[in-house]
Amino acid sequence: MSDSVQAKQTKPVAFRGGGFSPIHIKWVGLSVFVTLILVLEAGTRSGFISNLTMPRPSDVGWTFVELWTSGLLWKHVLPSVSRLLVGATLGASLGIGVGILIGLFSYIRAGLVPLISAIFPVPKIALLPLFVIWFGIDETSKYALIAFGTFTPTVVSTFGAVDNVDRSLIRMGQSFSLSWFSIVTKIVLPGAMPGILSGLRVSLAIAIILLVAAEMLGAEYGIGAYILQAGSLYDLERLFAGVVILSVMGVTVSAVIGFFEKRLLGWRS
Amino acid sequence: MDLRLENIGHSYGDMEVMQGMDLEIPAGKRVCSVGPSGCGKSTLLRLIGGLEQPTTGRVLQIGEPPAESLNPLTFVFQDFALLPWRTVEGNISLVLEDHGIRGKQADAIISDVLARTKLTEFRKALPKQLSGGMKQRVAISRALAVNPAVMLMDEPLSALDSQTRELLMDDLVSLWTREPFTAVYVTHNLHEAVRLGHFIVVLSRRPGRIREVVAVDKPLAERELGDADLEQTQKYLWNLMREEALAADKELINV
Ligand SMILES: Nc1ncnc2c1ncn2[C@@H]1O[C@H](COP(=O)(O)OP(=O)(O)OP(=O)(O)O)[C@@H](O)[C@H]1O
Ligand SMILES: [Mg+2]
């Protein structure tokens, strides 16, 4: 008897839980960037990567220094940033407004959702000539293009977010005889906020894409114009300098939204 | 304020959920309603509270609610229904703001109801920081804040473990003994029903009808865990329910 007990193997139960929950890890994102740049630098220096296929990162860095010292950097960045700010703010706020109306009123939903679905897949850049006719060749048409491009995805994500608000909370509000306005402002809007913010991440990235497209089609200054000039001369260093500026804009936008998520959505478990 | 249900019937599409219900809910009494799952207990409560309209019949309010009652028919939900983005205090002030009660006056009410539910230290906590039992106590204090004439409670303890449930039941008993309120209390737990109810309304399987109304006369304060006569009533109720549940099972097989 005791033999058979001894013969039984003892071992710890294998761990198979964990994972599937995003945790905040610092520095990993940055080190991916740094490694990539170092590899490129080493590759282009050693000749393993030809200078024609990829610019040397340090050369791109020098291009930045030139841009800075000549004052051209701000000359290109400032108009772009202001176009992005005006266009995206207009588009996103209109989009959130219309999205909420669609979420709240069945008639507006019935009327607008097909329309939104119809214009969503249209590449907005194709409409730039139309905007130029409507608003003129100057800034307004660029604002309009960016605003329009931000508007549709924001509408879709916003009414989705409103639809997803926990109905039992709304029922609770009604059971305490809260006014319609109170239910909307104190239950529906805060409840839709997570969805609205994550939708904005997508819409604002689209806004940056459209900003460049609009500037490529007609602007003297702006990152899009700068990239276009560089591209037509096959000046890869300047092209990449422009691309880096765009990426920085993208990261900044994402960080701003992340900040708001932290501030506004701390209640999420 | 009394409530009277006259010939209440309700259908969702083709499915008849309840029919021909007549019931009196006298002021100051606690009416518990038990019945097999899906017999329409929650629906009945929503009909009484005006969150849904009955297909036939009507719910009548007899007499005026007390003047100090801000929200005469007040729900306590099974899933607590707390706003996760508001603190405990904020969740209670939510239901006061619409009545123009703010500032000091609101503070006083909030302090009072939190003291009554023993939550004073948790005033600034967010729902995610609270246990299930505490969340339900917050929901109960929110309901108390509007001075309900009738509390409509839909399985308020069902999401909780049995120890927490027992403790919270004691809390409900002491709340009621200190300041009696009228209540309709839906549960599938017969033990809760005999512990808390003046009357126990036994509903039949779907379509729900009133099968029997059982009165429990023993005063609330004297009812205790494991009382012989309460056990007796509970057993009697269980036999009624079992017939319904068995019959419901058979119907499913025959379909
Ligand atoms: N909004 C609705 N639309 C359609 N059917 C519904 C709706 N609400 C409830 N029902 C149906 O009505 C019946 C009664 O539902 P109800 O939730 O009132 O039962 P219940 O007695 O509370 O059940 P439980 O004990 O499971 O809580 C169920 O069969 C349910 O499927
Ligand atoms: Mg139910």
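**Exercise 1.** Locate Leu38(A) in chain A, classify its accessibility, and name the patch residues.

Solution. Leu38(A) sits in helix α2 of chain A, residues 28–46; helices are DSSP runs of H or I with at least four residues, numbered from the N terminus. The model is predicted: local features need pLDDT of at least 70, side-chain atom pairs count only at pLDDT 80 or more, and totals for chains, interfaces and linings use all residues. Residues are numbered from 1 along each chain as its sequence is written, chains are lettered from A in the order in which they are written, and side-chain values use heavy atoms, without hydrogens and water. Leu38(A) is exposed because its relative accessibility is 55% (buried is under 20%, exposed over 50%, partly exposed in between; 1.4 Å probe, protein chains only). With Trp27(A), Leu30(A), Phe33(A) and Val34(A), Leu38(A) makes a nonpolar surface patch of about 600 Å² (residues with over 30% relative accessible area and no salt bridge, nonpolar side chains joined within 5 Å; a salt bridge is a Lys or Arg side-chain nitrogen within 4 Å of an Asp or Glu carboxyl oxygen; areas by Shrake-Rupley).

**Exercise 2.** Is Thr154(A) buried or exposed, and which residues does Thr154(A) touch?

Solution. Thr154(A) belongs to helix α7, residues 139–163 of chain A. Its relative accessible area is 1%, so Thr154(A) is buried. Beyond four places in sequence, Thr154(A) touches Ala92(A), Gly95(A), Ile96(A), Leu200(A) and Ser203(A) (contact: heavy atoms within 4.5 Å).

Key: Helix = DSSP H or I, 4+ residues; strand = E, 2+ residues; numbered from the N terminus. Patch = residues over 30% accessible without salt bridge, like charges linked within 9 Å, V, L, I, M, F, W, Y side chains within 5 Å. Areas by Shrake-Rupley, 256 points an atom, 1.4 Å probe, with all protein chains shown as cover.
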